Amino acid sequence: MGMMGRMDQIAALVDRAEIVDVVTAVFDTVDAKNWPVCRELFDEWVDVDFTSLNGGEPARISADALVDGWRTGLHARKQSFHTVSNFAVTVDGAEAHVTAKGYAYNVLDEGLGGGLWEVWGVYRLGLVRQAEGWKVTALTFDAWHTRGDEAVRAHTMD
C-alpha cells in the first residue's frame with residue numbers, strides 16, 4: 001500500500017472516531033441535561049423520526065426545537081440513561097450515516113410517583129462535516145421493544 005493509501009486509511013479512522021464521539025455525546029449530554037452542549041452537536045435543522053414511539057409523521061425541525069423538547073420531556077425530576085453500541089459508520093465525503101443499537105430508561109423522582117420506562121431499538125443518524133466538526137442533521141429511532149410505565153416517558157413538568 002502506498003503512502004497515500006495509508007493516509008486515507010488514517011483519515012477514515014479519524015473520521016469514524018470523531019463521528020462516534022459526536023453520536024455518543026448526544027446521548028451523554030441528554031442524560032447530563034447539558035442542553036447548551038447538546039444543542040452544539042446539531043446542525044440548524046434536523047430531520048427527526050420518532051414515529052415508532054410517538055406516531056405522527058417524520059419532520060424537519062430546528063435543532064433548538066428538538067433540544068427544547070428534550071429539555072421539557074427529560075426535566076430535572078426525570079432521570080434518563082441512554083447507551084448506544086454496535087456502531088456501523090459510513091462516510092461519503094462530507095456526509096456520514098450511523099446506525100447503532102440503543103437502550104434507554106426513564107425514571108421519575110419518588111415525589112412524582114417513581115416509575116420506570118425502558119426501550120430497546122436502533123438509532124439512525126445523519127451527519128455533515130462542518131468547519132467546527134461533524135454535526136447531526138438527521139435522527140431516527142426505531143423502537144424494537146418497550147417495557148414499563150408509558151406515563152413515565154410522557155411525563156413533563158409545566
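**Exercise 1. Which strands does helix H4 lie across, and at about what angle does H4 run to E1?**

Before you start, note that this is a predicted model: local features need pLDDT of at least 70, side-chain atom pairs count only at pLDDT 80 or more, and totals for chains, interfaces and linings use all residues. Residues are numbered from 1 along each chain as its sequence is written, and side-chain values use heavy atoms, with hydrogens and water left out.

Solution. 
- Step one: find the elements. Helices (H or I, at least four residues) and strands (E, at least two) are DSSP runs, numbered from the N terminus.
- Step two: pick out H4, which covers residues 63-73. You'll see H4 lying across E1, E2, E3 and E6, where contact means heavy atoms within 4.5 Å.
- Step three: read the angle. H4 runs at about 65 degrees to E1. Axes here are lines fitted to C-alpha atoms, for helices over the stretch in contact, and angles run from 0 to 180 degrees between N-to-C directions.

**Exercise 2. Work out the order of the strands in the sheet.**

Solution. 
- Along the sequence they come as α-α-β-α-β-α-β-β-β-β-α.
- Step two: pair up the strands, counting two as paired if DSSP finds at least two bridges between them. E1 (residues 42-49) goes with E6 (residues 133-148) in the parallel sense, over four bridges. E5 (residues 116-130) pairs with E6 in the antiparallel sense, over 14 bridges. E4 (residues 95-108) and E5 are antiparallel too, with 13 bridges.
- The six strands form an open sheet, E2-E1-E6-E5-E4-E3, with mixed pairing. E2 (59-62) and E3 are the edge strands, each pairing on one side only. From one strand to the next, the twist averages 25 degrees.

**Exercise 3. Find the residues that stand opposite Thr140.**

Solution. 
- Thr140 in E6 is the bridge partner of Asp49.
- Step two: now look towards E5. Arg124 stands opposite Thr140.

**Exercise 4. Decide whether His82 and Trp144 are buried or exposed.**

Solution. 
- Step one: set the cut-offs. Buried means under 20% relative accessible area, exposed over 50%, and partly exposed in between (1.4 Å probe, protein chains only).
- Step two: take His82, which lies in E3 (residues 78-92). His82 counts as buried because its relative accessibility is 15%. Leaving aside neighbours within four places in sequence, His82 touches Phe27, Val30, Asp31, Leu74, Tyr103, Ala104 and Tyr123.
- Step three: take Trp144, which sits in E6. At 57% relative accessibility, Trp144 counts as exposed. With neighbours within four places left out again, the contacts of Trp144 are Trp120, Gly121 and Val122.
- Step four: look at one of those contacts, Val122. Trp144 and Val122 are 22 residues apart in sequence and 7.5 Å apart in space, C-alpha to C-alpha.

**Exercise 5. Describe the chain as a whole, starting with how far its C-alpha trace spans.**

Solution. 
- Step one: along its principal axes the trace spans about 65 × 30 × 25 Å.
- Step two: of the 158 residues, 35% are buried.
- Step three: take the contacts between residues at least 6 apart in sequence; 58% of them join residues at least 24 apart.
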